[in-house]
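Subject: Structure for you to look at

Hello,

Here is the structure I said I would pass on.

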Amino acid sequence: MRYGARSQALTGRQLAARAAVLGLVGGALWLALARMEYRWDWSVVWDYRAQFAAGLELTLLLSLGGMAIGMALGAVGCLLRVSQRDAVRFVALLYVELVRGTPLLVQLLIAYYCVAPRLGYDQPRIIGMAALGVFAGAYVAEILRAGLESIERGQTEAALALGLSRWQALRLVVGPQALRRVIPPLTGQFVSLVKDSSLLSIIAIAELTKRAELLQASSLRVFEAYLTLAALYLAITFPLSRLAARLERRFTPGD
Amino acid sequence: MTEAAPAAQGAGAGAGAAPPLVALRGVSKRFGEVVAVDRAHLEIRRGEKLVVIGPSGSGKSTLIRLINGLEVADEGEVELLGQRIHAHHEPPPSLRAECGMVFQHFHLFPHLRVLDNLTLAPRHVRRLPRAEAEARARELLARVGLAGKAAAWPAELSGGEKQRVAIARALAMQPQIMLFDEPTSALDPEMVGEVLEVMRELAQGGMTMVVVTHEMGFARAVADRVVFMDAGRIVCSGPPAAMFDRPPHPRLQAFLARILSAR
Ligand SMILES: Nc1ncnc2c1ncn2[C@@H]1O[C@H](COP(=O)(O)OP(=O)(O)O)[C@@H](O)[C@H]1O
Ligand SMILES: [Mg+2]
């Protein structure tokens with residue numbers, strides 16, 4: 001498809017081509033599985049539905065909570081990052097670089113095994129949510145900063161020339177314009193966070209991935225457990241990705 | 001260098017005259033190696049209309065941006081409405097509010113409708129109630145011939161309309177001086193007239209104005225004094241007739257010859 005072509009304006013030929021691709025991929029999968037003579041047993045998944053639902057709920061809760069913390073930390077980080085003082089900017093830079101330069105898995109291990117025990121804290125869910133928040137905050141800070149910097153300097157100058165303070169210029173003029181531009185990338189960041197939250201399974205949090213692992217361990221139905229897991233993540237991320245893409249088009253300047 | 005003319009003229013404006021609204025005293029501004037404004041002296045009296053001319057890159061924009069502190073001086077002192085602002089210092093927002101500014105590229109707030117562009121600063125800086133701010137804004141829009149555009153978005157306006165809204169937005173703060181930085185340079189030729197007309201009326205109303213422009217007809221008709229800049233220096237200044245008909249400096253003569261031949 002051409003870049004920028006609108007998905008809602010698919011032609012009949014494009015639809016047919018897409019159906020063909022799906023058919024080919026599905027057929028190949030089906031053949032591969034048929035050759036293994038795998039005997040499907042979806043009843044274990046159905047029997048386990050309550051646990052999947054609970055896992056899904058926890059995954060959403062932890063992701064939303066993590067994103068909320070991330071937005072707060074990101075907003076602070078972004079403000080520090082655009083400060084007039086070098087030392088203040090450096091604090092934010094340090095945070096962003098440390099977090100973005102290390103894997104989330106490593107951050108979770110440090111949070112759970114190094115930091116939390118020293119604080120005498122053993123609430124894996126809270127630790128996990130906080131760790132997700134710290135992780136997301138670094139990315140959110142950069143998204144917000146890029147948003148602010150995408151607004152031309154003349155806007156700030158016009159606001160200052162009218163007698164607004166720097167804070168008012170940010171709050172009333174630059175911020176609202178930047179906000180529109182950061183909604184799509186923030187939505188994308190949330191999609192990433194939902195997927196990344198699967199790593200919380202390693203610190204004994206019974207979110208979605210952990211539930212699938214437990215089902216697999218007890219039933220030994222690898223395919224059913226993990227394919228269902230993938231489908232459930234897709235059920236959250238796919239609509240959000242579509243939404244992000246729509247917002248992107250909606251807010252792209254000149255569109 | 002050669003000229004102490006501006007200061008002399010400011011002082012000679014009449015015995016017992018009020019202190020100048022704006023005074024630049026030995027003000028310099030550098031950008032890295034470039035000296036954008038070099039030890040400028042300038043006094044502007046209340047009600048005076050000053051037009052600043054000069055080649056591109058000569059420091060005209062920097063000069064007027066030094067007045068309201070969008071550029072901060074490296075040397076010298078800026079006096080604005082009796083308040084002294086030393087080098088490396090910004091004027092407080094309350095002082096900037098007394099200085100309206102109109103930019104070459106309008107810089108309307110695209111996320112606000114025309115009316116809200118006009119009321120933003122009066123409401124948040126002057127703390128005017130919304131109804132009062134809006135009533136005043138509508139009056140100003142009528143004055144610049146855009147009464148019907150209150151609910152429009154900036155993106156829906158022509159260049160000339162945008163610039164007239166920008167002028168009204170600045171006037172909404174009831175400033176004591178208006179700064180214009182090439183207000184018609186970004187406009188299609190057919191829209192220049194409507195903007196200059198608004199500025200002419202403003203001048204007739206007694207507003208103190210500093211206008212950077214290449215519109216020599218406007219300068220001749222409206223200016224009390226024309227200031228010629230070149231390479232960061234104020235080279236000479238004087239009444240428009242004297243400046244244009246008997247240019248007192250060879251560089252001004254060369255500049256005028258160039259822009260006249262370009263027409
Ligand atoms: N923000 C800036 N950063 C670097 N150089 C600048 C900046 N603003 C102006 N200058 C330089 O200062 C000089 C004067 O610029 P300016 O005041 O814009 O001139 P004019 O308005 O007469 O065209 C030019 O050489 C310009 O390149
Ligand atoms: Mg300029």
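Which side chain meets that of A:Arg145 in a salt bridge? The partner is A:Glu149, with a distance of 3.4 Å from N to O. Both residues belong to helix α6 of chain A, which covers residues 124-149, and because they are four residues apart there, about one helical turn separates them. In general, side chains of opposite charge can pair when their charged atoms come close. Over all chains, the structure holds 26 salt bridges. Please keep in mind that this is a predicted model.

Chain A and its domains

Chain A is divided into two parts: domain 1 spans 1-37 and domain 2 spans 42-250. Between the C-alpha centres of these two domains of chain A the distance is 31 Å.

The size of an interface is often given as the accessible area lost when the parts come together. For chain A and chain B, the buried area is about 1,800 Å², and carbon and sulfur atoms give 62% of it. On the chain A side, the residues that lose the most area to chain B are A:Glu157, A:Ala161 and A:Leu162, which together make up 32% of what that side buries. The contact involves 20 residues from chain A and 23 residues from chain B.

Two salt bridges are counted between the two chains. One of them joins the side chains of A:Arg166 and B:Glu90, at 3.0 Å from N to O. There are also six residue pairs in polar contact between chain A and chain B, both residues being at pLDDT 80 or more.

Which elements of chain A give two or more residues to the side that touches chain B? They are α7 (153-161) and α8 (166-196). Of the elements on that side, α7(A) gives the most, with eight residues. Sorted by class, the side of chain A that touches chain B has nine nonpolar, six polar and five charged residues.

Around ligand 1

Ligand 1 is surrounded by residues of chain B, including B:Phe31, B:Val34, B:Pro55, B:Lys60 and B:Thr62. A backbone N or O atom of B:Gly57 is 2.7 Å from an oxygen atom of ligand 1. For B:Ser58, a polar backbone atom lies 3.2 Å from an oxygen atom of the ligand. With B:Ser61 the side chain takes part: one of its N or O atoms is 2.7 Å from an oxygen atom of ligand 1.

Regards

Technical notes:
Residues numbered from 1 in each chain as written. Chains lettered and ligands numbered in written order. Predicted model: local features only at pLDDT ≥ 70, side-chain atom pairs only at ≥ 80, totals over all residues. Heavy atoms only, no water. Contact = heavy atoms within 4.5 Å. Buried area = accessible area lost by both parts, 1.4 Å probe. Salt bridge = Lys/Arg side-chain N within 4 Å of Asp/Glu carboxyl O. Polar contact = N/O pair within 3.5 Å; in protein donor to acceptor, adjacent residues only side chain to side chain. Nonpolar A, V, L, I, M, F, W, Y, C, P; charged D, E, K, R; others polar. Domains from an automatic or database assignment. Near = heavy atom within 4 Å.
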